[in-house]
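User: Please go through this model with me, from the overall fold down to one helix pair.

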Amino acid sequence: MDQDMIIYIIELLGTFAFAISGIRHAAAKQFDWFGGYVCGVAVAIGGGTIRDVMLGTTPFWMTTPIYLICTGVALLTVAFFGRWMEPLKNAWFVFDTLGLALFTIAGIQKSIAFGQPFWVAIIMGCITGSAGGVIRDVLLNNEPVIFHKEIYAMACVLGGVVYWGLADWGISTELCAVVSFVVTCLIRFLAVRYHISLPILKEIKE
């Protein structure tokens, strides 16, 4: 499969997963449909927009309306099927994790396609995966998840390092993407399950 097509499919899946996550958080704040859509869009395209601007290319969502349409489908999914999804306690967390992993891979692959070295690609993958969540939390007046609680952005970084290592061994792009996706998801799942987090900075008292 052509690499551009792989990136496109991953971005669509990531858009839907992240939009679901953003709209769910907006629903918890009792936003109306428009507010929910804005939060969904912010999560879905925020990180990718920052990535594309830094790569010097047109943001991906400006080339086709499919991403905005995809977010609309996510809004309708939450609006009409949310009551059946709510009893699945971990459903929202799973959607957020899937979006994180999918967008991380999309960021890495697009950066490589633009000729960037792998260390830059990993950073771009992290930005693509986690920046949208930061924008969402700012809109909702919440402390960004990336700065506290469980492993989040570090899962992107570690997943990117795995992708780098596999690619360096000559593994196919498709397999690199699959393994990186699984590793990123597993790291986040395990970190939350076993309450694993980075050390907390202690205030320096004079």
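The questions below cover the chain and then one packing contact.

Analyst: This is a predicted model, in which local features need pLDDT of at least 70, side-chain atom pairs count only at pLDDT 80 or more, and totals for chains, interfaces and linings use all residues. Residues are numbered from 1 along each chain as its sequence is written, and side-chain values use heavy atoms, with hydrogens and water left out.

User: How many helices and strands are in the chain?

Analyst: Helices (H or I, at least four residues) and strands (E, at least two) are DSSP runs, numbered from the N terminus. From that end the elements run α-α-α-α-α-α-α. The count is zero strands and seven helices.

User: What share of the residues is buried?

Analyst: Buried means under 20% relative accessible area, with a 1.4 Å probe and protein chains only. Of the 206 residues in the chain, the buried share is 46%.

User: How are H6 and H7 oriented to each other?

Analyst: Helix H6 spans residues 153-168 and helix H7 residues 173-193, and their axes (lines fitted to C-alpha atoms over the stretch in contact) lie 8 Å apart at an angle of about 150°. Angles run from 0 to 180 degrees between N-to-C directions, and those over 145 count as roughly antiparallel. H6 and H7 are therefore roughly antiparallel.

User: Which residues of H7 make the contact with H6?

Analyst: Contact means heavy atoms within 4.5 Å. On the H6 side the contact is made by Ala155, Cys156, Leu158, Gly159, Gly160, Val162, Tyr163, Leu166 and Ala167. The H7 residues are Thr173, Cys176, Ala177, Val179, Ser180, Val183, Thr184, Ile187 and Arg188.

Note on methods: Angles under 35 degrees count as roughly parallel, over 145 as roughly antiparallel, 65 to 115 as roughly perpendicular and the rest as oblique. Buried means under 20% relative accessible area, exposed over 50%, partly exposed in between (1.4 Å probe, protein chains only).
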